[in-house]
Amino acid sequence: TEIIQNVRTIISTTQFSVPLDRRFGIDGTIVDLPLPVAMARISAEVIRAITEYEPRCRVVSVDFEETFTTEGRLTPKVSIAIKEEWLERIGGYEAV
């Protein structure tokens, strides 16, 4: 739905790439950090960005795929829950 699409856009955008809102997205300087530090910073950035830019949901967890040990790629998997007051307002129920 729209909320999931918005979350996907938020976490796939690097900061300073949106002209009228330079804080939108995730800090791109995390790329060069050691893996344990990068994992902690990415988790914090994802939670911050989603909380700030998509208030209709909350972050349940930020986990990482195991490919970082074999390929050197760190891929976060974000689980969100849509807030109940939003679901009541639109008159529906959605499980994510």
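The lining of the second largest pocket divides into 7 nonpolar, 1 polar and 2 charged residues. This is a predicted model, and in it the second largest pocket holds about 210 Å³ of space. Of the 10 residues that line the second largest pocket, Ile4, Val7, Arg8, Ile11 and Val78 are the closest to its centre. Helix H1 (2-11) and strand S2 (76-82) each supply at least two residues of this lining, and S2 gives the largest share, with 5 residues.

Next comes the largest pocket, with a volume of about 310 Å³. Its lining has 16 residues, and nearest its centre lie Ile26, Ile30, Val31, Ile42 and Leu74. Which helix gives the most to the lining of the largest pocket? That is helix H2 (residues 35-53), with 4 residues. By type, the lining of the largest pocket holds 11 nonpolar, 4 polar and 1 charged residues.

| Pocket | Volume | Lining by type |
|---|---|---|
| Largest pocket | about 310 Å³ | 11 nonpolar, 4 polar, 1 charged |
| Second largest pocket | about 210 Å³ | 7 nonpolar, 1 polar, 2 charged |

Finally, a stop at one residue of helix H2: Ser43 has its place there. Is Ser43 buried or exposed? Ser43 has a relative accessible area of 17%, and because buried means under 20%, Ser43 counts as buried. Leaving aside neighbours within four places in sequence, Ser43 is in contact with Val62 and Phe64.

Definitions and conventions. Residues are numbered from 1 along each chain as its sequence is written. This is a predicted model: local features need pLDDT of at least 70, side-chain atom pairs count only at pLDDT 80 or more; totals for chains, interfaces and linings use all residues. Side-chain values use heavy atoms; hydrogens and water are left out. On a 1 Å grid over the protein atoms alone, a cavity is a set of points where a 1.4 Å probe fits but cannot get out, and a pocket is an open set with protein on both sides within 12 Å along at least five of seven lines; lining residues have an atom within 4 Å of a point. Grid points are joined across faces, edges and corners, and a volume is the space filled by probe spheres set on the points. Ala, Val, Leu, Ile, Met, Phe, Trp, Tyr, Cys and Pro count as nonpolar, Asp, Glu, Lys and Arg as charged, and the others, Gly among them, as polar. Buried means under 20% relative accessible area, exposed over 50%, partly exposed in between (1.4 Å probe, protein chains only). Contact means heavy atoms within 4.5 Å.
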